[in-house]
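Here is a short briefing to read alongside the model. Please keep the sequence and the 3D view open as you go.

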Amino acid sequence: MKITPRQIEIIEAAGKILTSSGVNGMTIKNLAKEMQFSESAIYRHFTSKEEIIVVMLDYLSATMDERLQNTIQPTDNPEAKFKSIFQNLIDFFFKNPQFVVAVFSDGLMEESQRINQTLLKLMNVIMKHLMPVIMEGQQKGVLTNAITTDEMMYIVIGTYKLQMFKWKIAGFQFDIERAGNNMVHSILTLIKNK
């Protein structure tokens, strides 16, 4: 994905505004004020608020894909791979809460079909890395076969999304790393073969 350093600065500023003011506060006017630019300077890099959000989510997808590719060690067992995926995701969002806001903002999905498609692309990145781990775990008898791979993946991702949403609405005021690790341990307790 080609993105200029200036576009990254704009995305980061947009993330700060999303974190402090939500989707409604993320306007080109507020963004220009945050960056101490003119509005026309923002428009030289992006055509609209929608494009800023789409590029932000695309950037997140590309970053997430690269991080997950580098975190999963082929020699690890399925349980270690599973933990590594979620520890990596939690660590990333802990360091970049603006992306949590972008992904879980109330009203963001109502903004446009293009934003919805970009959010779906992000979800597919996570599923691309998680599905083979779950399949391997089921094939090796580490994870239960009582439910299908797809069903297990949706349960796991849904639980993760709920945890991140709780952290967002709590104003990032609890230890997401500890809560996230507890969540991963609990999920594994439920889906591992007894």
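In which loop is the place of Gln-36? Gln-36 sits in the loop between helix H2 (28–35) and helix H3 (39–43). Helices (H or I, at least four residues) and strands (E, at least two) are DSSP runs, numbered from the N terminus.

This is a predicted model, in which local features need pLDDT of at least 70 and side-chain atom pairs count only at pLDDT 80 or more, while totals for chains, interfaces and linings use all residues. Residues are numbered from 1 along each chain as its sequence is written, and side-chain values use heavy atoms, with hydrogens and water left out.

**Loop residues with positive phi**

- Gln-36 has a phi near 60°, a positive value in a residue other than glycine.
- With 74% relative accessibility, Gln-36 counts as exposed; buried means under 20% relative accessible area, exposed over 50%, and partly exposed in between (1.4 Å probe, protein chains only).
- Phe-172 also has a phi near 60°, again a positive value in a residue other than glycine.
- The loop between H8 and H9 holds Phe-172, which counts as partly exposed at 21% relative accessibility.

**H5 against H9**

- Helix H5 (residues 78–95) and helix H9 (residues 176–191) have axes that come within 10 Å and cross at roughly 155°. Axes are lines fitted to C-alpha atoms, for helices over the stretch in contact, and angles run from 0 to 180 degrees between N-to-C directions.
- H5 and H9 are therefore roughly antiparallel to each other; angles under 35 degrees count as roughly parallel, over 145 as roughly antiparallel, 65 to 115 as roughly perpendicular and the rest as oblique.
- The crossing of H5 past H9 is right-handed. A crossing is left-handed if the near helix is turned anticlockwise from the far one by less than a right angle, and right-handed if clockwise.
- Among the H5 residues that meet H9 are Phe-82, Phe-86, Ile-90 and Phe-94, and the H9 side includes Ile-176, Met-183, Val-184 and Ile-187. Contact means heavy atoms within 4.5 Å.
- By class, the contact of H5 with H9 has 10 nonpolar, 3 polar and 4 charged residues. Here Ala, Val, Leu, Ile, Met, Phe, Trp, Tyr, Cys and Pro count as nonpolar, Asp, Glu, Lys and Arg as charged, and the others, Gly among them, as polar.

**H4 against H5**

- The axes of helix H4 (residues 49–71) and H5 also come within 10 Å, crossing at roughly 140°.
- H4 and H5 are therefore oblique to each other, and H4 passes H5 in a right-handed crossing.
- H4 contributes Leu-60, Thr-63, Met-64, Arg-67, Leu-68 and Thr-71 to the contact, and H5 contributes Ser-84, Ile-85, Asn-88, Leu-89, Asp-91, Phe-92 and Phe-93.
- The contact of H4 with H5 divides by class into 7 nonpolar, 4 polar and 2 charged residues.

**H6 and its surroundings**

- H6 is mostly covered, with 7 of its 8 residues buried: Gln-98, Phe-99, Val-100, Val-101, Ala-102, Val-103 and Phe-104.
- Those buried residues pack against helix H1 (5–25), H4, H5, helix H7 (113–139) and helix H8 (149–169).
- H1 and H6 pack at about 70°, with their axes 8 Å apart, and are therefore roughly perpendicular to each other.
- The H1 and H6 crossing is left-handed.
- Gly-15, Lys-16, Leu-18 and Thr-19 of H1 make this contact with Pro-97, Gln-98, Val-101 and Ala-102 of H6.

**Aromatic pairs**

- The structure holds 6 aromatic pairs. Rings of Phe, Tyr and Trp (its six-membered ring) pair if their centres lie within 6.5 Å; planes under 30 degrees apart count as stacked, over 60 as edge-to-face and the rest as tilted.
- Tyr-59 and Phe-99 form a tilted pair, 6.4 Å centre to centre with 35° between the planes.
- This pair links distant parts of the chain, with Tyr-59 in helix H4 and Phe-99 in helix H6 (residues 97–104), 40 residues apart.
- Tyr-59 is partly exposed at a relative accessible area of 25%, whereas Phe-99 is buried at 4%.
- Ring pairs link Tyr-59, Phe-92, Phe-93 and Phe-99 into a cluster.

- Val-125 lies in helix H7 and is buried, with a relative accessible area of 11%.
- Leaving aside neighbours within four places in sequence, Val-125 is in contact with Ser-61, Met-64 and Asp-65.
- Lys-81, in helix H5, is buried, with a relative accessible area of 9%.
- Not counting residues up to four places away in sequence, Lys-81 touches Ile-72, Gln-73, Pro-74, Asp-76, Val-133 and Glu-136.
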